[in-house]
Amino acid sequence: MPGKKIVAMLLAGGQGSRLGELTKSMAKPAVPFGGKYRIIDFPLSNCVNSGIDTVGVLTQYEPLALNAYLGSGQAWDLDRMNGGVFVLPPYVSQQSGEWYSGTANAIYQNLPFIEQFDPDYVLILSGDHIYKMDYSKMLEVHISKGADATIAVLDVPLEEAHRFGIMNTDDSCRIIEFEEKPKEPKSTKASMGIYIFNRDVLTKYLVDDTANEKSEHDFGKNVIPAMINGRQKVFAWQFSGYWRDVGTISSLWEANMDLLGVVPRFDLYDTEWRIYSKSPVMPPHYMGEDSEVDDSLITEGCAVHGSVKRSVLFAGVTVEHGALIEDSVIMPNTVIGAGAVVKKAIIGENVRIGTGALVGCEKLPEDEPYDNKLTGDITLVANSMNICEKARVPAGKVIRFDPESCGK
Amino acid sequence: MSSNAFGLIYTGEANAQLRELTFSRSVAAVPFGGRYRAIDFVLSNIVNSGISSVGLIAQRNYHSLMDHLGSGKEWDLHRKRDGLFILPPFVTKDNTGVYRGTVDAIRSVLGFVRRNSQRYVVLTGSHTIYNTDFDAMIRQHIATGADITIMYSDESGNDFDRSEQYDDLRLKVDEDGCVTELTFNPLNPSTPFTGCDAYVMDKTLLEYLVEDAAAHGEFDFMQGVLIKNQQKFKFYGWKYDGYVARLNSVAQFYRHNMNLLKPEVARDLFNPDHPIYTKVKDEVPARYIGGGSAKNSIVADGCIIEGEVENSILFRGVYIGKGSRIKNSIIMQASVINQNCDLDYMVLDKGCQVLGGRRLAGYDSYPMILRKGVVV
């Protein structure tokens, strides 16, 4: 088989603990997004659309939903004779065997996988970002600059720069300094967690990093700074366009809302750059006689008899008569009962909201205190919950399985 | 579980009543129900029966059909063992490539029939839409010891319209299901039991019947094989009680599509236990913006709706501009209706464009069709 020019490695092992209940039984990249997608569809589709046909998906935390979703890779056209999509969990070998202890360690443990394809370049991606990017353009620049490593960067507002890994570059875009979450940022070029490496350089630095007992085996914290200090040619590649880390409840909600509007912030309608996903095999959606809809995304298998405003409905959602959904994200196969009201909420898969229930309603003084550190004012109902008839769920509350309270 | 049967689908039906809908495609490729084509139903029925070998006889304008089916992967039919076999016409010493009828067509694919290791053949046409699996029919076929089992439905609830009659096979059956009389396109049908264009038989019998019919100069399966042999062989009927849509005319095409707006019909044809597979287009979810709405309508993915839609079916990737009102219409894939248009009782084929402010209307009994790609 001919060798590959470039192989992509997609880091999909993170727990995504800030997504709380949504990642209780699935890895973050498997979380549903945008009506018919899961987060991982974005980097995978970007790969295919960029002409990259060999992708290793590194899994570790709750991989079952993700494994089942990826299957043979057919949905992304990644069922290939030579290449395709591969799920790479941690494994045991004769000498050792251990969990992935960091992003760099995960790639290190899979260097033999990369070597099978004999690529010149390795692309490292994260499985928790929503964006459309042509990696082939980044590779072109990487090659033309004669770089050892190229990092995709995005201009962020100066006041937010302290939350990111910031690249300080010279006039030729060469990175002279990397600062992780600097208190006083010197530039606004934030790392997007997308790297292209020359394979030989990557291999050398990963071997060195593994030997270094003080390292946390993280690309951003250890490997990239080591390369810059080692005088390797590390360049920044400027990306402009929509990019969003959906690692928190509020950013996940906001990114869904970004798909709405006459001119959405993030437009998925692009026949030249389709985002692929696994088809749920359902008929087109049905809008009932009494339905009302305003500024929403609705997909296959839905049946809407109530009102839907500024919301995203996933496949197979039923909205019964008189129900009202506002500013919400409703995940697959959930039923919103007659007369129920759901406001500014993320409702998980296979949930039933009982008749006349109020989800995301105003918090009253007599409500029991609850922890909304993760959710803010967004109400979250975990997968497969059953909200009782006429129940009240105040804004920001998380409804999760609790054997004692029967989900009230 | 794999079945001891294989499927054979004939897609060469020629029915002038379908007018513009079949100008550039075979009946099998006629769009139906917002994201499907007629063939998706019979093909999914076969796959949902655990049948893994399917031959599809192509004849007329089969380009769009081949395009739709591809390797068969969406029906799980791209296999090393068995799978989907598209059987286009070909010219040989004793075959002109243009079939004179179903018998001719089946005769030219007898090689495929013989090669299959399964014993029974499920033989179907492509213009009849229903959602079932063939297991019960095959079981009954074996239990009764029938030579041929014919699937039929009771059409007593529907008015008979002679002008829409096409390949109309009528059956009389006794209480055991044994067929006592078969008639073809009768002037005044004396029975409401109507064939669904699906048959189960032993494949060796099929081989014999088509060779025998051809030898006697018969070219049509219904007339030359079924009607001629009704005394000679044991025919049984298998009654199907679900919804059956026969695409016999534009009016029927329209009516059956519109019936999908009735929950009981949609539940029957889109039974989640028997999913209907189709080519996946990776369209984005439908988007409603700027006061766009849809009432009592079926809307597929990829649509952008800024106008008002009522009692209509929108296929994938349709755009409805601001101020436009679409009523009682079927708008096929990728058609664009610009601003301030009024459409009533219209059928727009794929890729039509209606420029701003146009008013187009057909009538209940005679919906107007815009041919594929027309700009108004």
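Predicted model: local features only at pLDDT ≥ 70, side-chain atom pairs only at ≥ 80, totals over all residues.
**Exercise 1. Confidence**

Find the ipTM and pTM of the model, and the average pLDDT of chain B.

*Solution.* 
Step 1: Start with the scores for the model, which are ipTM 0.88 and pTM 0.91.
Step 2: Turn to chain B, where the pLDDT averages 91. In that chain, 97% of the residues score at least 70.

**Exercise 2. A strand in chain B**

Decide whether strand β11 (residues 193–202) of chain B is enclosed or open, and find strands that pair with it.

*Solution.* 
Step 1: Recall the cut-off: a residue is buried when its relative accessible area is under 20%.
Step 2: Apply this to β11 of chain B, where ten of the ten residues are buried, so the rest of the structure largely encloses the strand.
Step 3: Look for partners. Strand β6 (residues 120–124) of chain B pairs with β11(B) in the antiparallel sense, over five bridges. To see one of these pairings, find B:Val122, whose bridge partner in β11(B) is B:Val200.
Step 4: Strand β8 (residues 148–154) of chain B also runs antiparallel to β11(B), joined to it by six bridges. Here B:Ile148 stands opposite B:Met201.

**Exercise 3. A helix and what follows it**

Work out how many residues of helix α1 (residues 38–48) of chain B are buried, and look just after the helix.

*Solution.* 
Step 1: Go along the helix. Among the buried residues are B:Ala38, B:Phe41, B:Leu43 and B:Asn48.

**Exercise 4. One serine**

Is B:Ser26 buried or exposed, and which residues does it contact beyond its neighbours in sequence?

*Solution.* 
Step 1: Locate B:Ser26 in the loop between β1 (5–10) and β2 (31–32) of chain B.
Step 2: The relative accessible area of B:Ser26 is 2%. The cut-off for buried is under 20%, so B:Ser26 is buried.
Step 3: Set aside the neighbours within four places in sequence. B:Ser26 is then in contact with B:Thr11, B:Arg60, B:Asn61 and B:Leu65.

**Exercise 5. Where the chains meet**

Describe the contact between chain A and chain B by its residues, its buried area and its salt bridges.

*Solution.* 
Step 1: Take the residues: chain A gives 37 and chain B gives 36.
Step 2: Take the area: about 2,900 Å² is buried between the two chains, and carbon and sulfur atoms give 50% of it.
Step 3: Count the polar links. There are 24 residue pairs in polar contact (both at pLDDT 80 or more) between chain A and chain B, and four salt bridges.
Step 4: Inspect one salt bridge, formed by A:Lys36 with B:Asp301, where the closest N and O atoms are 3.0 Å apart. On the side of chain A that touches chain B, β14 (285–287), β15 (292–294) and β16 (296–298) each supply at least two residues.

**Exercise 6. A hairpin**

Which residue in the turn between β9(A) and β10(A) has a positive phi?

*Solution.* 
Step 1: Strand β9 (residues 165–169) of chain A has four of its five residues buried.
Step 2: Five bridges join β9(A) to strand β10 (residues 175–180) of chain A, and the two run antiparallel. A:Asn168 stands opposite A:Glu177.
Step 3: The two strands form a hairpin with five residues between them, and in the turn A:Cys173 has a positive phi of about 75°.

Methods. Residues numbered from 1 in each chain as written. Chains lettered and ligands numbered in written order. Heavy atoms only, no water. Buried < 20%, exposed > 50% of the residue type's maximum accessible area, 1.4 Å probe, protein only. Pairing = 2+ DSSP bridges. pLDDT = per-residue confidence, 0-100. Contact = heavy atoms within 4.5 Å. Buried area = accessible area lost by both parts, 1.4 Å probe. Salt bridge = Lys/Arg side-chain N within 4 Å of Asp/Glu carboxyl O. Polar contact = N/O pair within 3.5 Å; in protein donor to acceptor, adjacent residues only side chain to side chain.
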